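Here is a short report on one protein chain. Look at the structure first, then read on.

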Amino acid sequence: MRTVVYVDGYNLYYGLLRKTTLKWLDLFALFRDHVLDPEVELIQVRYYTAPVLGRMCDSPESPQRQRRYLQALRKMYPQQIAIIEGKILATTPFQRLVKPIAEAPDLQMVQVYDFNEKKTDVNLAADLIAGDCSTVSPQHPTGGGCSNTWRRSP
C-alpha cells in the first residue's frame, strides 16, 4: 500500500521531544523502518511546522538549529519529505497575574509575549482531505488530538 505520513511538527516537538536529546529525527527512516508495517510503501512524509522566533525560544540558537534540521531533511530526502511551513504570530497582550507579587503588591497586570502558530493546522487538514481523495493512503500518527488513520482500499 502506497502511504503518505502527515506530521504536525509542533506537536511532535513540544509533545514528545522538547525535553529529550532526540531532536534530529530521521523522520522518513523512523516511519519506514519502525512505525509502518513492512508491506507499506512509504512514498512521502509531509512535515508541517512554522519557523520559530528567537524571542520565543529557550535558546537563542533554536531558530538556526531548526533551519539546519529542516535543510538536512530536505537534502537527505528531496522527493520523499515535504516541509510545509506556516508562521508564528507574536503579540504582546496584557494578562492578569494569578498571584500577587510580594515586591509589587499593586501590580495586577503584566505585558507578556504570546505566540500562536498560524496556518500549520489548516495546511495539514486541507492536505489530509486532499490526500484522502488521491490514490495513496494518508497516515497521521501525531498531532492535534487526531489519532485517526485513513486507509484507502486498493
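## Order of the elements

In what order do the elements of the chain run from the N terminus on? The order is β-α-α-β-α-β-β-β-β-β-α-β. That comes to four helices and eight strands. Keep in mind that this is a predicted model.

## The chain as a whole

The chain has 154 residues, and 34% of them count as buried. Its accessible surface is about 10000 Å². Carbon and sulfur atoms hold 53% of that surface.

Now take the contacts between residues at least 6 apart in sequence. Of these, 65% join residues at least 24 apart.

In soluble globular proteins, nonpolar side chains tend to be buried together. The largest nonpolar core here has 20 residues. Leu 27, Phe 31, Val 45, Tyr 47 and Ile 81 touch the most other members. At least two residues each come from β1 (2-8), α1, α2 (27-35), β2, α3 and β3 (81-85). The top contributor is α2, with four residues.

A second core is separate and has seven residues. Among them are Tyr 6, Ala 82, Ile 84 and Leu 128.

## The largest pocket

The largest pocket holds about 490 Å³ of space. Its lining counts 23 residues. Nearest the centre lie Tyr 13, Lys 23, Val 52, Ser 62 and Gln 66. The largest share, six residues, is from α1.

What kinds of residues form the lining of this pocket? There are 14 nonpolar, five polar and four charged residues.

Definitions and conventions: Residues are numbered from 1 along each chain as its sequence is written. This is a predicted model: local features need pLDDT of at least 70, side-chain atom pairs count only at pLDDT 80 or more; totals for chains, interfaces and linings use all residues. Side-chain values use heavy atoms; hydrogens and water are left out. On a 1 Å grid over the protein atoms alone, a cavity is a set of points where a 1.4 Å probe fits but cannot get out, and a pocket is an open set with protein on both sides within 12 Å along at least five of seven lines; lining residues have an atom within 4 Å of a point. Grid points are joined across faces, edges and corners, and a volume is the space filled by probe spheres set on the points. Ala, Val, Leu, Ile, Met, Phe, Trp, Tyr, Cys and Pro count as nonpolar, Asp, Glu, Lys and Arg as charged, and the others, Gly among them, as polar. A nonpolar core is a set of buried Ala, Val, Leu, Ile, Met, Phe, Trp, Tyr and Cys residues joined through side-chain atoms within 4.5 Å. Buried means under 20% relative accessible area, exposed over 50%, partly exposed in between (1.4 Å probe, protein chains only). Contact means heavy atoms within 4.5 Å. Accessible areas come from the Shrake-Rupley method with a 1.4 Å probe; for residues, only the protein chains shown count as cover.
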